[in-house]
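Hi,

Here is the structure we talked about. Please look it over, then read the notes below.

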Amino acid sequence: MAENLKGCSVCCKSSWNQLQDLCRLAKLSCPALGISKRNLYDFEVEYLCDYKKIREQEYYLVKWRGYPDSESTWEPRQNLKCVRILKQFHKDLERELLRRHHRSKTPRHLDPSLANYLVQKAKQRRALRRWEQELNAKRSHLGRITVENEVDLDGPPRAFVYINEYRVGEGITLNQVAVGCECQDCLWAPTGGCCPGASLHKFAYNDQGQVRLRAGLPIYECNSRCRCGYDCPNRVVQKGIRYDLCIFRTDDGRGWGVRTLEKIRKNSFVMEYVGEIITSEEAERRGQIYDRQGATYLFDLDYVEDVYTVDAAYYGNISHFVNHSCDPNLQVYNVFIDNLDERLPRIAFFATRTIRAGEELTFDYNMQAPPHS
Ligand SMILES: [Zn+2]
Ligand SMILES: [Zn+2]
Ligand SMILES: [Zn+2]
């Protein structure tokens, strides 16, 4: 019987930490949960819950990793070696004191609502770190993803799955390209105009990988059938995101946003807009639901005709978190690589100007690629 169940799995209702708690309480080692005989009785600070000062001695209420809340204990500061956690605790405490009382001097005792806030903040940081690890485990691109919320207590979005390329909906097929180019050098010595030339279009990039076509013109990159290699200058979007980016909580009510942690030069490729490809009728139906929820992640692929739409509401990459601006620093291009069906372009964002490290990335939700001519 049991062999018939191979490959099956059931979601666990308990969190990782709760399962570790159970192991330690039952004094069981479990390699799968990272609890071995060696660390079964180890005490590691998970986070700090409260603070008090008695005479000149400072104490912290410690939540121990792998132990339930009921086992938390008060410890004098000199017993604690978790410098980073202590620093973060005081940073959060000072910021909250300033927000509540306009002063940052640490009191001798914290009122319960303040201590409770600090626990929520610590739990949020833990949840965001875990989400960050999950996103980075799923990305197939070079650029790393960090997550930051210094604004409110919101944690990771509940329903979002990170993907690196289109997820094709039911009844839709992406055809694999049948021919590639035969160039000696795709940029400097192209044969028949390289891959774009096959459909009478221009070569899109300079030798730095910066787009040199005006917005609205399509980009035809080299594909899996081409004679050229990975380093061909006509392979840019297909290499994926290469900048380190940060998903951060905006402080003016716009939810999450994305900022770059590195300088991005003008006309450089930044990211693709990926999601689920659905028919426009299906998009119409979903759009009504999204409108009621007050957010939409639908992007019409209307390069030649409006038949398909990308829905990044549930499946998406970091572009899911990029905000709208009427004066955006990202511009949309339609890109064709291994699929040449003009109704199914890939959507790529390029920098409209130099973007400094730390700047927020934005695109104009209403101004998709200018019409095809
Ligand atoms: Zn070529
Ligand atoms: Zn080619
Ligand atoms: Zn090439």
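A residue is called partly exposed when its relative accessible area lies between the buried limit, under 20%, and the exposed limit, over 50%. Arg353, at 34% relative accessibility, is therefore partly exposed. Keep in mind that this is a predicted model.

Arg353 and Glu359 meet through their side chains in a salt bridge, 2.9 Å from N to O. Glu359 counts as buried, at 13% relative accessibility.

Next, the metal site. Four cysteines coordinate the zinc ion (ligand 3) through SG: Cys186, Cys222, Cys228 and Cys232, at 2.2 to 2.3 Å. The site is tetrahedral, with angles of 104 to 114° among its four donor atoms. Along the chain, the donors follow the spacing C-x35-C-x5-C-x3-C. Cys222 and Cys232 are both buried. Cys186 also bridges to the zinc ion (ligand 1), and the two ions lie 3.7 Å apart.

Now the other salt bridges. The count comes to 27. Arg259 pairs with Glu148, with the closest N and O atoms 2.7 Å apart. This pair links distant parts of the chain: Arg259 sits in strand β9 and Glu148 in strand β4, 111 residues apart. Glu148 is partly exposed, at 32%.

Asp152 forms a salt bridge with Arg249, at 3.1 Å between the closest N and O atoms. Asp152 lies in the loop between β4 and β5, Arg249 in strand β8, 97 residues apart. Arg249 is buried at 14%, whereas Asp152 is partly exposed at 28%.

Finally, a network of salt bridges links Glu276, Glu282, Arg285, Arg286 and Asp311.

Best wishes

Methods
Residues are numbered from 1 along each chain as its sequence is written. Chains are lettered from A and ligands numbered from 1 in the order in which they are written. This is a predicted model: local features need pLDDT of at least 70, side-chain atom pairs count only at pLDDT 80 or more; totals for chains, interfaces and linings use all residues. Side-chain values use heavy atoms; hydrogens and water are left out. Donors are N, O and S atoms within 2.8 Å of the metal (3.2 Å for Na, K and Ca); water is not among the atoms, so sites may look incomplete. Four donors count as tetrahedral if all angles lie between 85 and 135 degrees; four count as square planar and six as octahedral if opposite donors are over 155 degrees apart and all others between 65 and 115; anything else is irregular. Buried means under 20% relative accessible area, exposed over 50%, partly exposed in between (1.4 Å probe, protein chains only). A salt bridge is a side-chain nitrogen of Lys or Arg within 4 Å of a carboxyl oxygen of Asp or Glu. Helices (H or I, at least four residues) and strands (E, at least two) are DSSP runs, numbered from the N terminus.
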